[in-house]
Amino acid sequence: MRAPRPLAAAAASWNDPRFLRHLAGAEGADRPVATLGEAVARAIGARSRIVRLSSETAAKQRRRHPDIRPEDYARVQRILDEGELFREDTRAIIGFAKESGVLWRAVLKVANSGDEIYLVTLHRSKPRNLRRARNRALHIGGE
């Protein structure tokens with residue numbers, strides 16, 4: 001296991017009151033949730049390494065995945081650091097990691113010509129989704 005990056009540790013403060021307000025829809029600014037490693041950022045042509053959660057995605061997550069708790073967002077960094085990562089197309093990363101017997105999936109997208117990276121979704125997944133990624137997407141990191 002790699003040592004956490006200082007920026008990642010600061011970004012993934014899921015219990016920070018501002019982050020909790022953001023998840024609840026009370027704060028509109030994008031919030032950092034993780035950082036990409038240099039090799040992964042290069043693989044998708046990203047100039048930024050900070051992964052952000054937009055207020056729109058936070059609202060979508062509340063609607064579509066109400067079971068996701070604030071502390072689950074710390075999994076994004078663990079998926080990026082320890083999971084299997086795939087480039088689905090030139091602007092998207094799909095990451096999978098298993099924790100306590102549960103497979104988690106995070107999807108990131110690159111926007112604004114690589115200047116911004118956003119978390120698109122975080123949720124529990126099924127093994128068939130990991131198999132599909134292994135068969136159809138370019139493996140760019142992890143196992």
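Is R49 buried, partly exposed or exposed? R49 counts as partly exposed, because its relative accessibility is 31%. (Buried means under 20% relative accessible area, exposed over 50%, and partly exposed in between, with a 1.4 Å probe and protein chains only.)

## Before we dig in

This is a predicted model, where local features need pLDDT of at least 70, side-chain atom pairs count only at pLDDT 80 or more, and totals for chains, interfaces and linings use all residues. Residues are numbered from 1 along each chain as its sequence is written, and side-chain values use heavy atoms, with hydrogens and water left out.

## The sheet

Let's start with the strands. Seven of them form an open sheet with mixed pairing, in the order β1-β2-β6-β5-β4-β3-β7. (Helices, H or I with at least four residues, and strands, E with at least two, are DSSP runs numbered from the N terminus; two strands pair if DSSP finds at least two bridges between them.) At the edges sit β1 (31-35) and β7 (138-141), each pairing on one side only. From one strand to the next, the twist averages 35°. (For angles, axes are lines fitted to C-alpha atoms, for helices over the stretch in contact, and the values run from 0 to 180 degrees between N-to-C directions.)

Now for some neighbours. β1 and β2 run antiparallel and are joined by four bridges, with R31 opposite L53 in β2. β2 and β6 pair in the parallel sense over two bridges, and here R52 faces Y118 in β6. β5 and β6 go back to the antiparallel sense, over eight bridges, and L108 stands opposite L119 in β6.

## Helices on the sheet

Helix α4 (residues 55-64) packs on the sheet and touches β2 and β6, with its direction at about 5° to that of β6. Helix α5 lies across β1, β2, β3 (84-89), β4, β5 and β6, and runs at about 25° to β1. As for β2, V51 and L53 are on its covered face, while I50 and R52 are on the uncovered one.

## Salt bridges

Across the whole structure, a search finds nine salt bridges. (That means a side-chain nitrogen of Lys or Arg within 4 Å of a carboxyl oxygen of Asp or Glu.) One of them joins E38 to R49, with the closest N and O atoms 4.0 Å apart. E38 is in helix α3 (residues 38-43) and R49 is in the loop between α3 and β2 (50-53), eleven residues apart. E38 counts as exposed because its relative accessibility is 52%.

R47 also forms a salt bridge, with D115, at 2.8 Å between the closest N and O atoms. This pair links distant parts of the chain, 68 residues apart: R47 is in the loop between α3 and β2, and D115 in the loop between β5 (102-111) and β6 (116-124). At 58% relative accessibility, R47 counts as exposed, whereas D115, at 42%, is partly exposed.

Then there's E99 with R75, whose side chains meet at 2.5 Å, N to O.

## A look at H123

Where is H123? H123 is in strand β6, and it is buried because its relative accessible area is 13%. Leaving aside neighbours within four places in sequence, H123 is in contact (heavy atoms within 4.5 Å) with H65, I68, L103, W104 and R105.
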